[in-house]
Structures are given as structure tokens and as C-alpha cells.
Amino acid sequence: MASSSSFLLLAALLALVSWQATASDPSPLQDFCVADMNSPVRVNGFVCKNPMEVNADDFFKAANLDKPRMPNKVGSNVTLINVMQIAGLNTLGISIARIDYAPLGQNPPHTHPRATEILTVLEGTLYVGFVTSNQPAPNKNKFLSKVLNKGDVFVFPVGLIHFQFNPNPHQPAVAIAALSSQNPGAITIANAVFGSDPPISDDVLAKAFQVEKNTIDYLQAQFWENNHY
């Protein structure tokens with residue numbers, strides 16, 4: 001009986017370790033696997049280009065990340081460099097983004113379903129924060145926030161809702177973010193909830209947000225602009 005219990009415990013531990021090992025981008029099994037964007041084969045990620053045809057340009061992009069970008073309606077512009085821009089990032093589990101913030105601009109609440117983010121402020125000041133996942137009652141989702149100045153670094157754990165806001169009404173701000181996936185993805189909460197196509201039923205959203213349906217209808221009628229380019 002004891003040996004059976006020990007076996008079950010060992011199996012559970014191995015399953016947990018195995019799950020943790022596959023919870024992010026898989027580790028490469030060769031030096032590189034440059035994405036073959038023209039292959040008809042569909043896999044989790046991209047098929048490898050013939051290594052004999054690989055050249056330096058597969059690992060390069062003249063991205064001009066030193067140049068400011070024009071913020072949009074929400075006052076920010078995210079310029080993401082992932083595997084879709086640099087094919088050599090395939091299987092390497094990393095990407096980078098420049099984020100420009102207008103005065104009082106924000107990168108609105110969003111999540112990255114496949115990546116942890118580490119952000120560095122290059123210019124200006126940012127008020128940043130994230131919210132933890134649902135906790136057992138009576139606990140609530142905990143909000144963690146910080147004011148960052150030039151040179152400061154902050155981490156947003158994978159999958160958690162987070163944001164950045166420039167509190168300065170006169171000066172823009174700039175940040176660089178590194179993300180732990182070749183394709184981190186982004187789900188902007190307001191856009192996903194109120195700007196989906198087709199729209200989520202206003203009955204569902206009115207019940208979820210405990211408001212009148214006309215409030216939901218008003219929100220769904222707005223133009224939910226994407227600030228990721």
C-alpha cells in the first residue's frame with residue numbers, strides 16, 4: 001500500500017514538473033530554427049527553413065526602434081518585434097517592443113497569454129501595475145503598482161492583466177519591453193470585451209458588469225483602436 005502511494009506521489013510530481021517544462025515556448029533542439037513562412041506545413045510555431053539557406057538577414061531587422069512613434073487614440077504606440085518580423089526568433093522564446101506614450105497616454109489594461117514581460121523606462125515617468133488572478137473568497141484580486149522613473153525596471157508575470165500610464169501632462173515617455181515568447185500575443189481587455197466581432201451579447205455583459213444594457217450598447221458602439229503595430 002505504501003509503495004503504491006509513493007508511486008502515485010512520484011507520478012504526480014513528474015506530471016507537475018513536465019507541465020512546468022512545457023508552460024512556455026519549447027527549448028530549441030538545434031542552434032536555430034529560422035521560420036519558413038512559405039511552408040504549407042502547420043505546426044505549433046513555424047517549420048524550420050533549410051539551414052543551408054539561412055543567412056544573416058534572417059536574424060536582422062532595420063526596426064528603427066530609436067525613432068519615436070506617433071501615439072494613437074489611447075495615447076500610446078507599441079512597436080513589437082517578434083517572429084513575424086525576424087524569422088530567426090522562431091523557437092528562441094524571446095521578443096522585444098518599444099512603447100511610446102503621449103503626455104497622459106496609456107498602454108491600456110491587457111494581458112500577454114504566452115509571455116512574462118520585463119519593462120525598462122528609457123525616458124519620462126510611468127505609473128504601472130498588474131492584478132493577480134482570482135483568489136478564493138474572501139480574498140480579492142490584488143493590485144500591485146509602482147511609479148517608475150528613467151532607468152527603472154518592472155516585471156509583469158505571464159498572463160496577468162497589466163498597464164502603463166504616463167502621468168506627466170507635458171512630457172512623453174518611452175519604454176523598452178522584453179517578452180519571454182517569440183509570439184507573446186496581446187489581449188487588450190476593453191477591445192476584447194466590447195469590440196469583439198461579432199459582439200458579445202449585451203445581456204451577457206450587462207449581467208457580468210452589473211450595469212444597464214444601454215451602458216453596454218454605448219461601450220460596444222465605440223471605436224476600440226488597437227495600439228499594437
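Let's start with a pair of side chains: arginine 98 and aspartate 100 meet in a salt bridge, at 2.8 Å from N to O (a salt bridge is a side-chain nitrogen of Lys or Arg within 4 Å of a carboxyl oxygen of Asp or Glu). Both of these residues are buried, where buried means under 20% relative accessible area, exposed means over 50%, and partly exposed is in between, with a 1.4 Å probe and protein chains only.

A word on what you're looking at: this is a predicted model, in which local features need pLDDT of at least 70 and side-chain atom pairs count only at pLDDT 80 or more, while totals for chains, interfaces and linings use all residues. Residues are numbered from 1 along each chain as its sequence is written, and side-chain values use heavy atoms, with hydrogens and water left out.

**The chain as a whole**

- You'll find 4 helices and 10 strands in the chain; helices (H or I, at least four residues) and strands (E, at least two) are DSSP runs, numbered from the N terminus.
- Walking along from the N terminus, the order of elements is α-β-β-β-β-β-β-β-β-β-β-α-α-α.
- The chain has 229 residues, and 31% of them count as buried.
- Take the contacts between residues at least 6 apart in sequence: 73% of them join residues at least 24 apart (contact means heavy atoms within 4.5 Å).

- A search of the whole structure turns up 5 salt bridges.
- One of them pairs lysine 49 with aspartate 58, at 3.1 Å from N to O, and aspartate 58 is buried at 11% relative accessible area.
- Another links aspartate 66 to lysine 67, with the closest N and O atoms 3.2 Å apart.
- In that pair, aspartate 66 is exposed at 57%, and lysine 67 is partly exposed at 42%.

**The cavity**

- The structure holds 1 cavity of 30 Å³ or more; on a 1 Å grid over the protein atoms alone, a cavity is a set of points where a 1.4 Å probe fits but cannot get out, and lining residues have an atom within 4 Å of a point.
- The largest cavity holds about 100 Å³ of space, a volume being the space filled by probe spheres set on the points, with grid points joined across faces, edges and corners.
- Its lining has 15 residues, and Val78, Ala97, His112, Leu179 and His228 lie nearest the centre.
- Elements that give two or more residues to this lining are strand 1 (76-81), strand 2 (95-101), strand 3 (106-111) and strand 9 (173-179).
- By class, the lining has 8 nonpolar, 6 polar and 1 charged residues (Ala, Val, Leu, Ile, Met, Phe, Trp, Tyr, Cys and Pro count as nonpolar, Asp, Glu, Lys and Arg as charged, and the others, Gly among them, as polar).

- Most residues other than glycine have a negative phi, and most peptide bonds are trans.
- Leucine 104 has a positive phi of about 65°; this residue lies in the loop between strand 2 and strand 3 and is partly exposed at 46%.
- Glutamine 210 also has a positive phi, near 55°; you'll spot this residue in the loop between helix 3 and helix 4 (213-220), and at 61% relative accessibility glutamine 210 counts as exposed.
- A cis peptide bond joins aspartate 197 and proline 198, with omega about 0°, and proline 198 sits in the loop between helix 2 (189-194) and helix 3 (202-209).

Key. On a 1 Å grid over the protein atoms alone, a cavity is a set of points where a 1.4 Å probe fits but cannot get out, and a pocket is an open set with protein on both sides within 12 Å along at least five of seven lines; lining residues have an atom within 4 Å of a point.
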